[in-house]
Amino acid sequence: MNMTQLPIIKDIYGFLGPDLLVGVVGLLLVLIFVPLNSAFLVWVERKVAGHIQLRPGPMEVGPHGILQSLIDAVKLMCKEMITPDLADKPLFWMAPCIVVIPAIVCFVVIPFSPVMQIRELNVGILLIFAFSSISGLSIMMGGWASNNKYSLIGAVRAVAQSIAYEIPLLLSTMSVIIMSNSFKMSQIVSDQSTVWNFILQPVAAIIFIICSTAETNRAPFDLVEAESELVSGFHTEYTGMRDALFFMAEYTAMFIASSMAVVLFFGGWHGPFFSGIVWFVLKAYFLVFVTVWIRWTFPRLRFDQLMNFAWKVLIPISLLNLLVTAIVIKVL
Amino acid sequence: MTTTISDLIPPLMVAQAAFVLMIVFTLAGALLAVIPKKIVHNILGLALAMFGITGVYLYLGSQFVAMMQLLIYVGAICMTYIFAIMLSPPLEKELPKRNKLKVITATAVSFVVFIVMVKMIMSLKFEPIADIARDWSIETIGHQLLTRYFLVFELISLLLAIAIIGSIMVASFVRKRN
Amino acid sequence: MLTMKTIDDININERLYQLNLGPQHPSTHGVLHFLLTLDGEVVVKAEMLIGYTHRGHEKMAENRIYEQFYPNSARMDYLSGMIFNTGYCEAVEKLCGIEVPKRARYIRVITSELNRVASHLLGVMDFVMGIGAYTPFLYGWDDREIILDLLETITGSRLTYNYSRFGGVRVDIDQTFCDSARRFIDRMRERFKLYNDLITGNIIFIKRTVGVGVISKDVALDYGVTGPTLRGSGVNYDVRKSEPYSSYEDFNFEIPTKEEGDCMARYLVRLAEIEQSLRIIEQAMNNLPDGPIRADVPCFITPPAGDCYHSFESARGAVGYYIVSDGTRIPYRLKVRAPSFSNLFVMSKIIPGHFVADLVAIFGSIDVTVPEIDR
Amino acid sequence: MECLSTYLILGALLFCIGIFGILQHNSLIGMLISTELILNGAAINFMAFNMFLSKEPATGQIFALFIMGVAAAEAAVALSIIITVYRNFKTINADSVSELKG
Amino acid sequence: MNTSYGFKQYVKEIFTGSKSLIIGMGITLKHMFKPIVTVQYPRQKPIMTPHFRGHIEAIIFDDTKSHHCVACGLCARTCPSHVIKVQGEKTKAGDRKYGKQYFIDFTKCSLCGLCVDVCPEKTLKFSDEYELAFYSRWDGVMDIMQRLEERK
Amino acid sequence: MLTEGQKKLLEELKNNLAKSVPEAKISQSDYVLTGYHLEFSSSKVGMRRVAKEMRSRRFNLETVTAVDFIDSFEIVYLYFNYNQDNIRVMVRIRVPKDEPPFTVSAVYSEAIWLEREVYDFFGIQFKEHPDLRRILNPDDADYFPLLKNFGKTTITGEIDDMLC
C-alpha cells in the first residue's frame, strides 16, 4: 500500500516540503514565546500580588520592573545546580527537562487566530490533554527522585490531584465537544462566532476553570507546593535553572489552560474592532489574571477536602451537565 | 522560487528515521520496564514504551488511538501505578537480590516463545489488500462503536463499572487479625 | 536536639515514617522542631524539640542588677515586648512595695493593650497565612504597622520597647498620641468588616478551621493552657479580670470565650479580644489622670529579702515572674512562667490523628512565639 | 521496511519482554507492568492488521481501544488487590504471599 | 468534618461558599486600585520621631558649646551589655574630670536606655540616626565624642 | 481584701492540707506583697498528695521551678484556681541535693515538661518521671546551668580588648 497517504507521513512531508518556512518560524516563535511569556507572567503575578497587597511590586529593573524576571532568569542561570547525594540522579536530572515538553508541544495546536495555528489537528484537544498528563509524570519523577520526604509528599499529592481533577476537566470539555461535534479546536472556535459557549455552558465553563486551576497546581489548589506545609513541594531540592524550568512549565501551563478556556468557552479569536490574535491573547491574559487574582485571595484547601471537592462536587455536577447537554442536543 | 529542503533530505527517509526512533523508544522502554529493580524506573520505562507505541500508532494511521494511548496509559495507568510507589521500599534500603534460576528460566522461556512467533510470522504469507481510500476520522470510529460494535462498547463500560466497584470492595477488605 | 534515643524509642514500622518539620521551615516561625511520625499524611505522634534559641535569660538575671534586666524582659516574647516589660517592672515593684502613680499605670495599660492588639493581629494573620492566604496577612500588617508607628513615637523603638521603668514609665504621652490612637481605633473597627468578609466568612477558611484541633476544657486545664487558647476552649480566665494588676480593675471590658475549642474558636476569640482591647484603650484615654509618670524611686533599687510571684496576661496567656531576692541588688533567682511553653506542649496531645496541613493550622491558631518558650 | 511483519515482530518482542518480566519479577507491580506490555503487543498486532489487511478502517482501532479499556480495568483491580495484599502481609513480594497455598 | 449532612445542606453550602468566595475576590479587587502604603525606602526616607532610639550621643549644651560629660563611668557600669568605655582627663589639677573619649560598641548595644537614665549630668541622648551599617564588627565601635566634634 | 469565698476556701485548704501532710508548715501570706495567698512548706516529700488534693479542688498547676540554696534545693509548685476564687497556693519543698522528690506529672500532664525543664537546669532527677530528658539545653550537655556553682558569666573588659 502507499505509505504516503498516512497522516504522519503527510505531516513530515508538509514540514520538510514547501512550507518549511512556516514550520520553522512557528517552532522558533514557540521556543521564544514560551520563556518570554513565562517571564512576563511571573512579572504580572508579582505586580498583581503587589497591588492587591497595597505595595508596588518589583520596581527597580526597567520601567515598573518589567525586566525583573529576565534578571532573575540570568541570576538563576548563574546559580549552582545542586544534586542531593542520595537522589536518583538520572531521574532527578531528567524531570525538569521532561516537564517543558508538554509546555512546548501544546502550543502546536492552539489556534491564536484563523491563520495563526501551527498545526491543524483533528484531535487537537486530545493532544493537549495527553501531553499535559506527561507533566504530572515529570512532577512525580522530580519529587520521587529528590529523595526528600517533602518532595515525595508533594509528588504524591500531585498525582492524586491530577487524577481526580482530570475527570471533571474532561467531562466539562466533552459537553462543549458534543455541541460542536468536533475535537478540532478551530472548529470549536468558529462555532462560537455568534454566541460564546460561556453563555450556553456556564456550569461547564466554571468547572473547567476550577479544574484547570487545580491541574496547573495553582492556589487554592496548590497543595503540591504548599509552602507553609511542604516547604516547596516537589521542587524543594531543585536549584538554579532546573527550578526555573519547573517555574516556566508552571506558568506556561497556566497560559495553555487559559487558552484552552478561551477556545472552549470564550469565543477564541472572535471579537470586534481588533484582529483575532489580539482578542485571543487579551482573553487569555485576562483569564491568567483571574487565576493570579484567585491565588492572592484565598486560603489553601486541605488535601482530603480537595479530593472531596473533586469527587463529591465537581464530578457529579459535570456529569449532570454533560447529561443535560446531551439530552438538549438530541431533542433540539 | 521556494526553497525546499526536501531536495536535500528526502522526507521518506526522515519518516523512516522517526519510525526507527519510535521503535527504539518502545523497545528501550519495554526493557526498562522489566529489567531495573526499582519499581519507579520500571514504571517510567513503561511510560517511555507507551510513548513509543504512540508514535507507532501514528505510523499505523490513527491519530485518535495514538492520543488515547498517551492519555490512558501515560496519563492514567502509569499515574495509578505511581500511586503504588508508596508501597515500594525507600530508596536507601537495599533491594532484594534476584533469583538467578528464575531469571535464566524466564530468559529461556521468552526466547523460545519469541523464536516460535518469529517463525510463524515469517512462514505466513499475508495478502495486502488493494490500496483503497480510507476514512481516518474519529466520526467513523464513534459511529461504528455505537452501531456495529455496540456490544464492545457496552462490554467496556460494564467492565470498567465492575472494575471500579470491585476495586473499591477489595481495597476496603481488611483481614481480621487474630 | 535530635539524639539516637529519640529515634529509637519510636517503633519504626514499615508503614510509618518520620518527618522533621523544622527547625528551618516556613511555617514554624522561629526555630521550632517538630519530629512527626506519619502514617501517610496523618500524624501518629508528634514531638516538639525546643531550645534552639535558648539564651539563658534566667541565668543572665542572676548575674546582673534588677535594672539591667529591662532589655531581657522584652526579648523573651518579641511580639508583646511591652507587656513583658511592664510585667517585669510590676513584679519588682511588688517585691519592693513601690506605689506607682496612677497616670503611669494608665499609660502602661494603654501601651500594653496597643501591644496586645499588634500581637493578636500578627498572630491571627500568621495563622491565616499558615492556611495559605497570604494577602490577609499583609492587610493585618498594614494595621499593625500603625500601632508600631504609634508606639515608636513614645518609646522610640518598634519591637523591644524598654518603656516601663520601676515606678513608672519613661516618657509621657501627649495629645497627638491620643489623637492618633483614637484614629487608629476608628480605623480598626472598620477593618473588622474586611476581616470578616475576607477571612471569617470564607468557605475554605471555615472548612479548614472548624472542628480542627479541638482542645477540650479538661485537656486545656490539665496541660496548663492559658490565654486566648484557653478561652477558645470555654474557660473564662483572664488575669486582667481575676487578679487585676496595673489598673485593669478600673476598666469595663469583657472576656470573650468560645466553647468549641477548635482553631476557628481561637481565631474568633483573638479577634474579639482585639475589640475589647480597643475598648480598654478608649476608656483609659478618656479617663487619663494628670500627675507624675514616675514614682520617686532610687536610681538602683535594692529589694528586701523575700520572694514574690507576679502574674499578668500577655497576648499568649498568663505570664508569671517569680523573683527570689536575698536582699542584694542582684536577684537570687528569677523564673519566668512562659505561657507558650505550656500552650505548645498541649499540641503533642491534640495533633495525633490530624493531617500535616492541620498541624500548621493548629500551630498557627495556638500562636506561640518560640523565643518565649526557649527563654 | 514498513511492512506488516515489522509491526508483528515488534508486537512479538513486546509480548516476549512482557513474558520475561512476568516470570522474573518478584514484586506484584512489576508483574502488572509486564502484563501491560503483553497487552500492548497484542494491540499493536490489531492495529497492524487493521492497517494492512482490513477493509473496515475502524475495526482494529476499536479493538485497540477495547484493550485499553481492559488494561485500565485490570490496573484498577490489580492495584486494589496489591494494596490489600500489602495491608495484610506487609509486602508486595509475590513469593512471600504464600498463605493461599494452604 | 461533619460528614452526615443532607442534600439540601450540600446545595446550600455550594451556594453560600461561592458567594463568600466572590465577596473575597471583590475585596482584593478593590484593594488593587487603592494607593500603596509601603515606603519606598531608599527613594523615600521616613522621618524619625523625637523619641527615636538610635545610638547614644552627647548633647551640645548652649553654655559650653560642648557636652557636660564628667567621665564618672556610671553609664559604663550600668550598661547590661558592657559596651561603654569612657575616658576623661583633668585639664588642670583640682579641676573636674572632663570626658575625652567615649567609646560605645554599637553592635552589641541593646538600646535599653539605661545609660541615658542614669547619667548624672544628663548629657546623653539618643540620636535619630537609623542608617547604621558596618562592613565589619569593629566599625561598630564608635567614639561619640568624635561624632560630637563632627556635628559641631 | 479577701472575699468571703476566698477566706472559706483558704480555711478548708489549710485544714485539708494539714490533714494529708501533717508535718508541713502552712501559713497565710500577704497577697499584695507576695502574689500568693497560702504558703505551704515542707521538708518531707509529700508532693503527690498535695497535688491530688489540689487537683480535686480544681486547682491548676501554674508553674514548677526550683531554687538552688547551695546546700539544698527548694522546689516550688504554684497552684492557682482559675474560675472560682482566684487563690494562688505556693508549695515549697526543701529537698537535699541527693534525694529528689517524686514527680507530679501523673496528676498534672503539664508537669511533664515543667519538671523536665527543672531537671534540665538543676539536675533534679524526679522519681518516676515518664520522660526525663534535656529540654532546652543540648542533649549532650554535661552541666546544669542554673546551679549557683555554674560559672558566673560576666562580659566586662571586652571593650578594652577592642580598643587595643
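**Figure 1. Chain A meets chain C through 24 residues of chain A and 32 residues of chain C.** The model shown here is predicted. Together, chain A and chain C bury about 2,400 Å². Carbon and sulfur atoms account for 61% of that area. Three residues stand out on the side of chain A: A:S228, A:P299 and A:R302. They supply 24% of the area that chain A buries against chain C, more than any other three residues.

**Figure 2. A salt bridge links A:R302 to C:D358.** How many salt bridges cross the interface of chain A and chain C? The count is one. The side chains of A:R302 and C:D358 form it, with 3.1 Å from N to O. Nine residue pairs are in polar contact between chain A and chain C, counting pairs with both residues at pLDDT 80 or more. Helices of chain A that each supply at least two residues to this side are α6 (149–180), α10 (227–230) and α13 (303–331). By class, the side of chain A that touches chain C has twelve nonpolar residues, eight charged ones and four polar ones.

**Figure 3. C:E58 sits in helix α2 of chain C.** This helix covers residues 57–61. Is C:E58 buried or exposed? C:E58 is buried, with a relative accessibility of 6%. The side chain of C:E58 makes a polar contact with the side chain of C:R375, at 3.0 Å. Now look at what surrounds C:E58, leaving aside neighbours within four places in sequence. From chain C, the residues in contact with C:E58 are C:R333, C:L334, C:K335, C:V336 and C:R375. From chain F, they are F:E117 and F:L146.

**Figure 4. Chain B and chain D bury about 7,000 Å² between them.** The size of an interface is often given as the accessible area lost when the parts come together. Here, 75% of the buried area is on carbon and sulfur atoms. Chain B brings 76 residues to the contact, and chain D brings 75.

**Figure 5. Zero salt bridges are counted between chain B and chain D.** Polar contacts do cross this interface: four residue pairs make them, with both residues at pLDDT 80 or more. On the side of chain B that touches chain D, 55 residues are nonpolar, twelve are polar and nine are charged.

**Figure 6. The structure holds zero disulfides over all chains.** A disulfide needs two cysteine sulfur atoms within 2.5 Å. A:C78 is exposed, with a relative accessible area of 63%. E:C119 counts as buried, at 11% relative accessibility.

Note on methods: Residues are numbered from 1 along each chain as its sequence is written. Chains are lettered from A and ligands numbered from 1 in the order in which they are written. This is a predicted model: local features need pLDDT of at least 70, side-chain atom pairs count only at pLDDT 80 or more; totals for chains, interfaces and linings use all residues. Side-chain values use heavy atoms; hydrogens and water are left out. Buried means under 20% relative accessible area, exposed over 50%, partly exposed in between (1.4 Å probe, protein chains only). Contact means heavy atoms within 4.5 Å. Buried area is the accessible area (1.4 Å probe) that two parts lose on being put together, summed over both. A salt bridge is a side-chain nitrogen of Lys or Arg within 4 Å of a carboxyl oxygen of Asp or Glu. A polar contact is a pair of N or O atoms within 3.5 Å; within protein, one must be able to donate a hydrogen and the other to accept it, and residues adjacent in sequence count only if both atoms are side-chain atoms. Helices (H or I, at least four residues) and strands (E, at least two) are DSSP runs, numbered from the N terminus. Ala, Val, Leu, Ile, Met, Phe, Trp, Tyr, Cys and Pro count as nonpolar, Asp, Glu, Lys and Arg as charged, and the others, Gly among them, as polar.
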